[in-house]
Amino acid sequence: MDGNHTIWIEKYRPRRLDEMVGQKDIVVRLQSYVKTGNLPHLLFTGSAGIGKTTAAVALAREFFGDSWQTNFREMNASDERGIDVVRNQIKEFARTSPLAGATFKILFLDEADALTTDAQAALRRTMETYARTCRFILSCNYSSKIIDPIQSRCAIYRFRPLDREAVIEETRRIAAAEGLTVTEGALDAIVYVASGDMRKAINALQGAAILRTDIDEETIFEITATARPEEIDELLDLSIGGRFDEAEQALLELTHVRGIAPNELINQCYRALVQRDIDRTLKVKLIDALGETDFRLSEGASSDIQMEALLARFVLAAEQHR
Ligand SMILES: Nc1ncnc2c1ncn2[C@@H]1O[C@H](COP(=O)(O)OP(=O)(O)OP(=O)(O)O)[C@@H](O)[C@H]1O
């Protein structure tokens with residue numbers, strides 16, 4: 001096992017489109033470009049770790065074969081060296097002719113939504129000027145942050161968070177290749193922790209594999225510093241049930257003893273609340289309280305105070321509701 005040396009998200013990144021899990025409709029549409037030899041500009045949108053970069057690289061490999069690296073370039077729009085550097089590099093790459101008999105190059109621009117409106121306007125002109133020699137694949141989390149003139153020049157692909165089957169399929173593949181035994185409980189835990197993000201799933205597996213080769217759910221929750229769904233349910237039961245002292249103890253155990261980050265707990269509480277079968281008005285109040293705490297934490301408020309205040313607000317909201 002070489003778990004300590006290689007990053008598995010790179011080692012096991014699918015090389016071909018048909019090796020990707022999930023995103024079936026997208027894969028079929030992308031494959032049809034390869035068949036026809038034509039490619040428009042593309043806009044990939046969706047959350048992190050669901051295959052946008054993987055699809056772009058696989059597409060380039062299938063278009064260009066062995067010479068894919070000469071005709072493909074990946075850049076990050078939020079490059080810390082500044083937008084001018086990115087802009088110059090884009091132009092430099094886009095304006096030169098494709099090599100090794102290819103009819104165009106592909107430029108993959110990650111985090112395109114980090115570009116300001118002005119920078120996007122300049123990018124749009126570059127896309128038009130060099131359209132003959134270079135096709136752009138822009139990747140972003142939110143397509144609404146991309147200006148309309150760019151959106152209308154691209155074929156838009158909305159990637160979805162990976163479903164349970166897809167996460168399990170890929171996790172099993174990697175576990176088998178690494179000679180790991182993964183229990184059913186551990187697979188459930190990985191699906192829960194990943195929440196549709198394959199990068200998170202693979203990192204959880206690799207982290208666990210450093211500790212042991214037979215992986216159970218305990219290891220996954222421990223390595224990812226994530227509370228179990230039952231623990232979150234208990235926290236909600238106690239606070240909604242008005243048992244503030246016990247809820248406080250449960251909270252301290254999770255944050256101070258287990259080291260689970262407050263933001264992570266808020267996300268987990270949110271996921272549990274959305275699915276919880278409780279009165280709608282109460283649910284709305286509780287989610288409102290979560291949103292408020294999330295915002296306060298993002299503004300730098302004390303997490304200990306805010307997390308306790310959250311429990312207090314849960315208790316009060318439930319009391320008013322009774
Ligand atoms: N659909 C998928 N099939 C198989 N593996 C996947 C898939 N999506 C993601 N992965 C795995 O997760 C890793 C991260 O995925 P990728 O880089 O494609 O994410 P992304 O959608 O581009 O995310 P970001 O927006 O954060 O850049 C890949 O290296 C790959 O191992």
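**Ligand shell and sheet**

The shell around the ligand holds 10 nonpolar, six polar and five charged residues; here Ala, Val, Leu, Ile, Met, Phe, Trp, Tyr, Cys and Pro count as nonpolar, Asp, Glu, Lys and Arg as charged, and the others, Gly among them, as polar. The model is predicted, so local features need pLDDT of at least 70 and side-chain atom pairs pLDDT 80 or more, while totals for chains, interfaces and linings use all residues. Residues are numbered from 1 along each chain as its sequence is written.

**Exercise 1.** Locate the ligand in the model.

*Solution.* Step 1: the ligand is surrounded by 21 residues, the closest being Ala48, Gly51, Lys52, Thr53 and Thr54 (C-beta atom, placed from the backbone, within 6 Å). Step 2: helix H3 (52-64) and helix H10 (198-211) each give two or more residues to this shell (DSSP runs: helices H or I, at least four residues; strands E, at least two). Step 3: the ligand lies between domain 1 (23-158) and domain 2 (164-223), because both contribute to the shell (bounds from an automatic or database assignment).

**Exercise 2.** Describe Gly46.

*Solution.* Step 1: Gly46 sits in the loop between E1 and H3. Step 2: Gly46 counts as buried because it has 21 C-beta neighbours inside 10 Å (buried: 20 or more; exposed: 12 or fewer; partly exposed in between). Step 3: the UniProt annotation "binding site" includes Gly46, Ser47 and Ala48; such annotations may be inferred rather than shown by experiment.
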